[in-house]
Amino acid sequence: MRILIVEDERKTAAYLQKGLSESGFVVDHASNGEEGLYLATHHQYDLVILDVMLPKLDGWTVIVEIRKQYPDMRVLFLTARDNVEDKVKGLELGADDYLVKPFAFSELLARVRTLLRRGTTQSSDSLSISDLTIDIVKHKASRGTLRLNLTPKEFALLVLLAQRTGEVLSRTLIAELVWDINFDSDTNVVDVAIRRLRQKVDDPFDAKLIHSVRGMGYVLEER
Amino acid sequence: MTFFYSLSGFILLSVIALFLYWVTINILYKADYQFLSDEVDTVQYILHNKAYNVSALKQAVIDTPSERNGSIYRYYIRVSDDKGQLIIATPGMESILAVSKAAATNTTDLLAKKRYWWYENNDTNYLVIQSPVQLGIKNNFGKIQIALDISYQHKVVSDRKKLGIALLAGTILVLFLGFFIAHRGMRSLYVLTETAKMITATSLHQRIDPKSWPTELGTLGIAFNQMLDRIESSFIRLKQFSSDLSHELRIPINNLIGETEITLSRAHSIDEYQQVLTSNLEELQRISQLIESMLFLSRAENPQLDIHKTLLNVHEEIAFVFDYYQTMAEEKNIRISYEGNGQLLGNSIMFRRMISNVLSNSLNYTPPGGTIHFSIIESDKDTLHIIASDNGIGIPEEHLPKIFDRFYRVDSSRSPQPGGTGLGLAIVKSIVELHSGTISITSQAEKGTALFFSFSK
């Protein structure tokens, strides 16, 4: 998967490039709007991460030009401006998603993966990781032969972690995706919920699946 | 200012003076002209109709003093025939107006206009009338001359000097009055100017005393003071805010710098690096959260902020937040509940954030086994109340007035949540205010705390 980052702030661009490369993406970088537009329209990218405030050509103009040639190109807006009008304008001009600086890299990564999965997802009805199997339609989960007795929220949390297996999900993102909490809240709630889920999913078994990544969040994977 | 006051005063005085002067002249002389004209008519009548009866004329005109308005008119009369022969005259007439000085008259023209002229003799002023007269019924013509002593009127009228002096005195008076009025008004403005000049960021406490000012300027003075009050209080808040902010940021940033410097000073194991980076990450996340909260507060203070509002079902909004905190409450063994219904025009995300902050606070300060209860009360169609109460550790009374201030912490040692920014309740208050509501708090140490929200719809 090839990603283009159009960002003039050197340090931001450098860590994004590093982080995304380490997550398995091929990453190109442009440091101004003109260069970004040229690269975006002359190479094949799966996703463009676009800053709004750019030298030479601003993000609004770049996205309009990109959309003229590639109506289906996925674009993620990245900006320090966070008033609603900007958000609305960005989405109206055809941005697929919008992230406000400062953001956690894990959150960006999650959104990038969501965008790239869009359209190509095989929305499966069941998931299985190691001996964990989840039947999304029937709302059932089990490890080996043992049926897990989960509350609806615990089930939703497990499904989220399992669907994104291998990805570290931040507390903020989990709160947003499971409880729809899209404001700054007490994320200790997420820790409590994960702890309870672990009691049911991991505690009775030797092979632990849910791991905490200190300072970043949680990940479900076979280790 | 003084000049314009005086100029307008002077113009006003002059106009009045000239008008009065003109009216006086008119009244005085009109009466005199009328009198002379009447006298001539009488003489003509006597000489014409009474068949040239000189003795009747003498009796009627010369011997009887003519009175009008109670004052005696001093006048002299002379009648002569067409050859210049004197017929009758008031004694002394010749000395006043010599025959030779009388104007020539075309005696045949009976209808000729009466002629008037001014005449001065021995410091006495006379108004003279000369008119032809028919003597008897025959075609004998003569002329009448009557001189009226108008010295008094003339004195009054011609005494322009006095008028000038009065005008000058008036003007000087106006000048002083104008100067006084202008000075009085200007002094207030001067004080205002001087005060305004002296005001800088460090001397915002300066005020003016508008009590002694003229009413019109008093309002300005009061408004000026009120403006300073407002600026000063925002300034104090801003200063407090930025000093708090730098304090809040300095500690974590110093920690970060110190930790990073020590780590870089010599080689460490990968595990140690990881640990430092993780610790830094946590600290940075806290700073980031702090900045996000600060931005929220500063935006909420912007009066131009236009938040998107919809009609909220308050019960559902609270249920939504409770759903999120339910597991945590269970974990802490705190019973959380809510009741009541109501609707409110508001911003859903902000409203939830407000409820979330309050509930999260309560959960942090309520010991296991405690209860937290939210009541929604729609007392009437226009007001919605929310009461959030807990039986937690409470807040000592002396802290209550400042509890909604930014970064205010009752006691830093008793905060069980090190990640807290100290902005939670400040954000709650600003959200309440964005919804045109009010918030108040009551609390008793060791008994619990209750927050009262009041929204007018």
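These legends walk you through several close-up views of a predicted model.

Residues are numbered from 1 along each chain as its sequence is written, while chains are lettered from A and ligands numbered from 1 in the order in which they are written. Because the model is predicted, local features need pLDDT of at least 70 and side-chain atom pairs count only at pLDDT 80 or more, whereas totals for chains, interfaces and linings use all residues.

**View 1. Chain A as a whole.** Welcome to chain A, with its eight helices and 11 strands. Helices (H or I, at least four residues) and strands (E, at least two) are DSSP runs, numbered from the N terminus.

**View 2. An open sheet in chain A.** Five strands line up in the order S2-S1-S3-S4-S5, with parallel pairing. Strands pair if DSSP finds at least two bridges between them. At the edges sit S2 (26-30) and S5 (97-100) of chain A, each pairing on one side only. From one strand to the next, the twist averages 20°.

**View 3. S4 beside S5.** Look for S4 (residues 74-79) of chain A, joined to S5(A) by four bridges. Within this pair, Leu78(A) has Leu99(A) as its bridge partner.

**View 4. Helices against the sheet.** Helix H3 (residues 59-69) of chain A lies across S1, S3 and S4 of chain A and runs at about 155° to S3(A). Such angles run from 0 to 180 degrees between N-to-C directions, with axes fitted as lines to C-alpha atoms, for helices over the stretch in contact. Contact here puts two residues' C-beta atoms, placed from the backbone, within 7 Å.

**View 5. Where chain A meets chain B.** Here 16 residues of chain A are in contact with 19 residues of chain B. Helix H8 (residues 188-201) gives the most to chain A's side, with five residues.

**View 6. Around Leu158(A).** The largest nonpolar core has 89 residues, and Leu158(A) and Tyr325(B) are among those with the most contacts inside it. Such a core is a set of buried Ala, Val, Leu, Ile, Met, Phe, Trp, Tyr and Cys residues joined through C-beta atoms within 7 Å. Setting aside neighbours within four places in sequence, Leu158(A) is in contact with Ile134(A), Ala141(A), Leu150(A), Leu197(A) and Val201(A).

How values were computed
A residue is buried if 20 or more other C-beta atoms lie within 10 Å of its own, exposed if 12 or fewer, and partly exposed in between; C-beta atoms are placed from the backbone.
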